[in-house]
Amino acid sequence: MAGRRFRATTTNSRHALPVAPNLLNRQFVVTRPNTVRLADITSLPTNEGWLYLAAVLDLATRKVIGWSMRQHMRADLTCAALTMAIQRQRPTPGLLQHADRGSQYAADDYRKLLSAAGMRQSMSRGNGLDNAPMKSFFHTLKVELVQQRRWTMRGEARRDVFAYIEGDYNRQRIHSALGFRTPPSRWSTRSPDSCPSNQGKIKPVRCLLRHSLILSTIGVSDKPGAAHGRQSVQVPVSAPWRSCRSRFPRR
């Protein structure tokens, strides 16, 4: 139909893989970090083709603690995002992770990662309201970044999305669910070892050092002039999301 914009479908729930019950059941009020996480996939358009982003969100801190980008939607996309989340923030026993019933989340490799980390799986039929905080993040990403850019190559989109998530959303975005504060300001007043995943075992400064370990996901470095031809990522002053940000905080 003329004038109708094509959208990539990111959920395939027509499969014979095991499906977990909906344990979350839209209970989005969580006061303890590292107890409930949300996961989902979205598509980003480039002139080179679709780029798919899988993300994992901590429901209490509203931080995107795991993410991965690929040009396909196979299970290794979601497994990579889950692996990053586990490595960055060690799950507490019984942590609940919720996603839709897509084949990527029902895949055997994905379920094995959850089990090995001691996490419980929750799944819903794909109703956006069942994963509302994650959908809110994707909406914000697309309004403030994706709709302001026309990417020629997938690599350009990877760099911009990385800069947006790690440089802006996780550090500067205010949320009504956090008392109209940013994630760092809301949770920095906790115990001396204030990273939710530390559990009093790792000094706070080492949490910052972990970021350098995840940059290999997109082939960049956090240090200028890094070896192997990797480029350093810096958030420009004129970043598009800073000029079009809504006056209202995300929930």
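What follows is a set of questions about the terms used for this model, each with a reply.

Me: What kind of model is this, and how are its residues numbered?
Reply: It is a predicted model, in which local features need pLDDT of at least 70 and side-chain atom pairs count only at pLDDT 80 or more, while totals for chains, interfaces and linings use all residues. Residues are numbered from 1 along each chain as its sequence is written, and side-chain values use heavy atoms, with hydrogens and water left out.

Me: How many helices and strands does the protein have?
Reply: There are 9 helices and 7 strands.

Me: Why is serine 124 called buried?
Reply: Buried means under 20% relative accessible area, exposed means over 50%, and partly exposed lies in between (1.4 Å probe, protein chains only). Serine 124 has 4%, so it is buried. This serine sits in strand β5. Leaving aside neighbours within four places in sequence, serine 124 is in contact with Asn22, His98, Ala99, Asp100, Arg101 and Asp130; contact means heavy atoms within 4.5 Å. For the protein as a whole, 47% of the 251 residues are buried.

Me: What makes arginine 26 and asparagine 34 stand out?
Reply: Most residues other than glycine have a negative phi. Arginine 26 has a positive phi of about 60° although it is not a glycine, and asparagine 34 has a positive phi of about 65°, again without being a glycine. Arginine 26 is found in the segment before β1, and asparagine 34 is in the segment before β1 too. As for accessibility, arginine 26 has 41%, so it counts as partly exposed. Asparagine 34 has 0%, so it is buried.

Me: How do you know that β1 pairs with β2 and with β4?
Reply: Two strands pair if DSSP finds at least two bridges between them. β1 and β2 have 10 bridges and run in the antiparallel sense, while β1 and β4 are joined by 3 bridges and run parallel. Of the 11 residues of β1, 10 are buried.

Me: What makes β3 and β5 edge strands?
Reply: The open sheet has 5 strands in the order β3-β2-β1-β4-β5, with mixed pairing. β3 (64–70) and β5 (120–124) each have a single partner strand, so one side of each is left without a neighbour in the sheet. On average, neighbouring strands are turned by 25° against each other, direction ignored. The pairing of β5 with β4 (residues 96–100) is parallel, over 5 bridges, and alanine 99 stands opposite methionine 123 in β5.

Me: Why is α4 called roughly perpendicular to α5?
Reply: Helix α4 (residues 132–144) and helix α5 (residues 154–169) pack at about 110°, with their axes 12 Å apart. Angles of 65 to 115 degrees count as roughly perpendicular, under 35 as roughly parallel, over 145 as roughly antiparallel, and the rest as oblique. The angle of these helices falls in the perpendicular range, so α4 is roughly perpendicular to α5. Axes are lines fitted to C-alpha atoms, for helices over the stretch in contact, and angles run from 0 to 180 degrees between N-to-C directions. Phe137, Thr140, Leu141 and Glu144 of α4 meet Tyr164, Ile165 and Tyr169 of α5.

Me: What makes a group of residues a nonpolar core?
Reply: It is a set of buried Ala, Val, Leu, Ile, Met, Phe, Trp, Tyr and Cys residues joined through side-chain atoms within 4.5 Å. The largest one here has 32 residues, and those with the most contacts inside it are Leu44, Leu53, Val64, Trp67, Phe137 and Val161. α5 gives the most to this core, with 6 residues. A second, separate core of 22 residues includes Ala85, Leu95, Tyr105 and Met119.

Terms used
Helices (H or I, at least four residues) and strands (E, at least two) are DSSP runs, numbered from the N terminus.
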